[in-house]
Amino acid sequence: MSKENDENIIQTIIKGPSLGYTDNFPKREMWKEIANELNGELKIKHNSGYELEIHNISIPYKKWNINISVSDSRPLKFQVSFSSGQDFELIISWEDFIDRIIKKFSKPEIELGWKEFDKRYLIKSNRSDLVKRTITKEIQKTLLKHNVYSISYQTDPAIKSAELISVIQRRAGNKEMIFELIEMYKLLIDNLEKSKIIK
């Protein structure tokens, strides 16, 4: 990725009011519409001083809930909890300049075969075969299109549970983007289920 692209990404992250806060209040109606259309639920919370607004949206899918959260001080995040079927760990994150240097001196990373995606994201996992089955081209396209910061799937073998978490970006984005991300998450859940990673 070129230096110019890296700078554009940095500008995207830091845009907005100073002190790292964004105003969530204008997004209330959008979240209400999304929750209504997908038979979900929106909860609006505030911190103790009532300065920060937090939006929590829960969207049912099969036997799970896709939980979406964003606040004035935290980025847009998706999260789903599962019963785990296998010990599987996955981290997909932006690949920055430092990662590219480290990569030259470490063991080969997992690549999915699409150059544009492999150049943008660093993939770490204990099961490369399962990564290739679950992170399909359609999912890769959505991750790139919306410049998703990271996805992580972590298993806790002691209690046979797992958590899938995505940090999307600083701002909530628009309705079309949220619907596309929800569809991507549904597809990812389907793929995890097909591969018997979750149950």
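Just after helix H7, Lys196 adopts a positive phi of about 60°. The model is predicted, so local features need pLDDT of at least 70 and side-chain atom pairs count only at pLDDT 80 or more, while totals for chains, interfaces and linings use all residues. Residues are numbered from 1 along each chain as its sequence is written, and side-chain values use heavy atoms, with hydrogens and water left out.

Helices (H or I, at least four residues) and strands (E, at least two) are DSSP runs, numbered from the N terminus. Helix H7 covers residues 175-194, which is 20 residues. The expected span of a helix is 1.5 Å times one less than its number of residues. At the start of H7, a side-chain oxygen of Asn174 comes to within 3.3 Å of the backbone nitrogen of Glu176.

Phe179 is placed in helix H7. Contact here means heavy atoms within 4.5 Å. Apart from its neighbours within four places in sequence, Phe179 is in contact with Ile34, Glu37 and Leu38. Phe179 and Ile34 are 145 residues apart in sequence, yet 7.9 Å apart in space, C-alpha to C-alpha.

The structure also holds six aromatic pairs. Rings of Phe, Tyr and Trp (its six-membered ring) pair if their centres lie within 6.5 Å; planes under 30 degrees apart count as stacked, over 60 as edge-to-face and the rest as tilted. Two of these pairs are set out below.

| Pair | Centre to centre | Angle between planes | Class |
|---|---|---|---|
| Phe82 and Tyr153 | 6.3 Å | 35° | tilted |
| Phe117 and Tyr121 | 4.9 Å | 25° | stacked |

Phe82 lies in strand S4 (residues 77-83) and Tyr153 in strand S7 (residues 150-156), so their pair ties together parts that are 71 residues apart in sequence. A residue is buried under 20% relative accessible area, exposed over 50% and partly exposed in between (1.4 Å probe, protein chains only). Phe82 is buried at 5%, and Tyr153 is buried at 1%. Phe117 and Tyr121 are both buried as well. Ring pairs link Phe82 and Tyr153 with Trp64 and Phe88 in a cluster.

Charged side chains also meet rings. A charge sits over a ring if NZ of Lys or CZ of Arg is within 6 Å of the ring centre and within 35 degrees of the ring normal. Arg120 lies over the face of Tyr121, 5.9 Å from the ring centre, and Lys137 lies over the face of Trp114, 4.6 Å from the ring centre.

Technical notes:
Polar contact = N/O pair within 3.5 Å; in protein donor to acceptor, adjacent residues only side chain to side chain.
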